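Hi,

Here is the structure I promised to pass on. Below it you will find my notes on what turned up, with the cut-offs spelled out as they come.

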Amino acid sequence: MFLKNKSFFFFFFLVYFYTNTIKAQQIQPKDISLEYKEFDVNKGFEVYSVNFMDFDNLGWLWVSGSTLELLEGKIDERTSIIQRYDGNRFYTVPFPDLLDGPPNFIKLFKRQDGQFYIVFIWQNKQKIFLLNPETLVFKEVVLPFSKEYQDISLFSYKDYFLAYLSKNNETNLYQLNSNLKFSLYPSKQIIPENGKGFPEFNHFIGLEDHFITSEIRSGVFMFTKEGSLIKKVTLSDLGLKNKHLNFFLNIDFWFKREGVVYVYFVGIEGCYQYSKRKREWKKTNFFENQLTNKFNNRWFFLDAKENLIIQELDKGGSQFMFDFKNNFYRTPIKNNFSNNSKKASRDLSKELFLVNKGVFYHYNFNNDNVSTFLENNSIRSMLQLNIDEVLVTTEYGGWYIINLKTKALKKHEITFNDQLYFASEARGVFEDENYYWSNDNKGIIWVDKKTKKTKSLNYYPITSMVEDGKYIYFGTKYYNLMKFDKQDKKNSILSSTNKYYIQSILKVDKILYLACNEGLVLFEDGKTTLYNPKDKKSHSIFIAIVKHPKYGILLGSQSGELFQFNPLSKKFTLIYKDKLKASIATILLDDKDGIWMNTFNGIISFDTKTKVAKRYTMNDGLSFYEANRHSALKTDDGHFLVGTLNGVNYFHPDEISKKIIDAELRLTATTYFDKTIKKVVEETSPQKLTSLKSISLPPESKNLQLQFNLFGIYDSNKIKYRYRLNKDLWVDLAIETDVRLSNLSAGEHTLEIEAINSINEIIGKPIVLSISVDEFFYKSDWFYFLLFIGASGIVLWYFIEERKKHQLKEQFSSQIINTQEEERSRVAKELHDSIGQSLLVLKNTVYKKENKNTAELKMINNVINEVRNMSHNLHPFQFEKLGLVKSLENMMDAFQKSSDIFYSYEIDDIDKFISKEKSLFIFRMLQECIVNVEKHANATACNLKITNETKIIRFVLKDNGTGFIVDKTMRSLVSLGLKSLQERAQYINAILSIKSKEGIGTTITIKVKK
């Protein structure tokens, strides 16, 4: 929703003219602050041409008419629509399914019980429905003789309706009762003069024993309450015997005030008063003297309290004039309207709704006996110049003079060195015959009243000041207490106050009372003394100080406490303590000994007799809740001017009133997934929403959207909203009136929605809604039970199958490894017994020859050594005798002798902790690893470390070679050695770990349980 807030202060003059010799007269001005918001089709308002606008008994504004969308198959007819407005948004009301086509026109009529008769018009047919605003349910009204009538006109009269039903040039009058039954009036009814068509009524005036109708093509008629014709109203009845009209006499507008009927006729000047008893017409100047001849056309609207608004219109624009029981105020609400605007209001002194060219305007009028000046300015100090005028200094906007009588505002521009000057941080303003005295952010300034030229004496930033004759006493922040001589224009130091932050100064006789952050400081006889309330655990931060004629010295603190100080006993008495702990910026005293504390959260009036305090806020007409220090003034006639961060509030303490808000916070729509019908639903029925206490959400859609509004309040823009879930922290919504909850957790939730004013007081009764979110079945106890049973069966089956597979795998691996060892042993034995022996015979043969060939002997020796090494590697014949430790040491020594790699080892005595079968497997695994170091590592060093730990034996082989990517190598086809290591480790229930990094080396760890 797009919101425009504008505040105006109206003091308009109503000027009327009879002739050129009549002078303009000034009407007593009245202060009305105005706020408005507007809606168009982009913001939810779809009614372009409005024919009805009124409130139901629940506080909803109903608007009907046509949109900009063309009716299907038509080029000159537009789609009809009905919308409801809750003060923040619009809701479209769906039409009943009983219509056999879309209506091209609709007419609404409000009953006394708040329900509506709705006439739907389509395809040259018309039907009546009764719409209940609480349930949004349509009920068809059965017409007499079940006919399809061409025209239906309804008029509210007494506690029933009069219904003119027309068909085939025949019109009959019926009484439509609240039970939806028709009663026929037997008397002859109006038909157009030409005898064709049906009546087109434009006005109906219902009186106690008779009624008056205005029909465009026939004239104005008077009937008895039973429907019998009394007479037709003529120009002679109006006292216009010589007047002639070239059209039928018709009523332009009428209204009733205090039981008297006033009527304007089309084409006839003046207003006519109708006597119900005599049934006579008399011309009156009811408010003719207040109307100008500037505008060609006028339209009127009367609210339920008989307040009147007049829209005057011509080609140049329009203006509006309010008439509050003969109190006239003209205001340019929206002066670019080019035609008559549809209007609605429950109280024109507080609100007005206008529609013009498809734009809906919602105006709020605040008439709270509080005037606001210099809105959007931070006020610093004020000085009364005379009975009517006040000089006001602002923080950055310059100086102004306010005329309190005319409400005129005039800039008082001052200069410094011939340049326009804006003096900031003023802490006071005083005057004498020639100058205004104040300060800026550097020191004392004085302004020549005639030339408006400014001079200054720079010294130190001033925090507070007070005038006494020819001197100005001012305080500083942790510096000095000073005295300025206005005649000599010189500063003098009274006392060092480098321990005090002086917030405000009061001079009583020869004593200066300094309200400081550190407490109350008295300057007397050249000395400063600090005082604080004894019952305070820490010092009081005093901001405001004033002398009360009865209570003496009063001090306002930063925490909202008001103390009385006795100068004789030097004791403090707590008079008032603010429950909101709002800092007291300034203090004013009324003429009845009342104390008014202007705080950082509203203005508090304190009755010293009854001890009753009242807080006034923005809801009561103030422009802002936070008062400014040093910016409060009581005028000679007892009015108050209170400066805030957003303008000056001007009022009399006897006239300002605490606004009583009797409002109701209600849901206006809910959107959620209905699990019973399996779709998203939007509930807008006020009756159902009022009774809604809980909502159940399915697990597949745990989202909820709520819309709400505060009914019974006119200026809802000053209300804020907040919500919380399950007593958690409040979420601030500002002025937004919807809550969106997404992906709520399963379980029970409590949602609370509150409306609060500017001081966090709760307005109306909060909305409390229980939300139950179902859990998915797969998260329920039953699901987990069934899942446990099923999973247990699967796990058991899987365990059995895996055990079988593992046993088979272990058996297969064992067979392969045993076969492999047997084959190794056989091959090693063959190499040792057969080939080895043959090589020894060959060596001896060569050695016995006379011509010994040394090279051949060396080659044969090398081959014998290689065969011996191969045989030993395939199967160490002494392994069973030597054990694992000695075999590993021998292996490491052997590799050291035949390799460029430096091999080292640190081996604990572990033979007794590992079985022979496992020892052989470990030997083979380490042997395989060292071979890999020799072949692939490109290492310069390799270390084997075996440690005997508490529960395991740890084997760690580490090299400083090139390293490799473990995962990549394991997936490759050349990783048979690594896979063999894994299989051997798995066979003996050992834990194998391989860590390697390119460029750093490889570490292989084998952990075997004892």
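Two strands are taken to pair if DSSP finds at least two bridges between them. Helices (H or I, at least four residues) and strands (E, at least two) are DSSP runs, numbered from the N terminus. This is a predicted model, so please keep in mind that local features need pLDDT of at least 70 and side-chain atom pairs count only at pLDDT 80 or more, while totals for chains, interfaces and linings use all residues. Residues are numbered from 1 along each chain as its sequence is written, and side-chain values use heavy atoms, with hydrogens and water left out.

Strand E9 (residues 125–132) is joined to E10 by five bridges, and Leu131 stands opposite Phe138 in E10.

E42 and E43 form a hairpin with one residue between them; four bridges join strand E42 (residues 471–475) to strand E43 (residues 477–485), and Phe474 stands opposite Met482 in E43. E43 also pairs with strand E44 (residues 490–508) over eight bridges, in the antiparallel sense. Four residues lie between E43 and E44 in their hairpin, and Lys489 in the turn has a positive phi of about 55 degrees. Lys477 stands opposite Tyr501 in E44.

Now the aromatics. Rings of Phe, Tyr and Trp (its six-membered ring) pair if their centres lie within 6.5 Å; planes under 30 degrees apart count as stacked, over 60 as edge-to-face and the rest as tilted. By this rule there are 64 aromatic pairs. Phe39 and Tyr85 make an edge-to-face pair, 5.5 Å centre to centre with 75 degrees between the planes. Phe39 lies in strand E2 (residues 33–39) and Tyr85 in strand E5 (residues 78–85), so the pair ties together parts that are 46 residues apart in sequence. Phe39 is buried at 1% relative accessible area, and Tyr85 is buried at 2% (buried means under 20%, exposed over 50%, partly exposed in between, with a 1.4 Å probe and protein chains only). Phe542 and Phe563 have ring centres 5.9 Å apart and planes at 85 degrees, so this pair is edge-to-face. Both Phe542 and Phe563 are buried. One aromatic cluster includes Phe155, Tyr157, Tyr160 and Phe223.

Finally, a residue in a helix: Ile789 is found in helix H2 (residues 781–848), and at 47% relative accessibility Ile789 counts as partly exposed.

Happy browsing, and do write back with questions.

Best wishes
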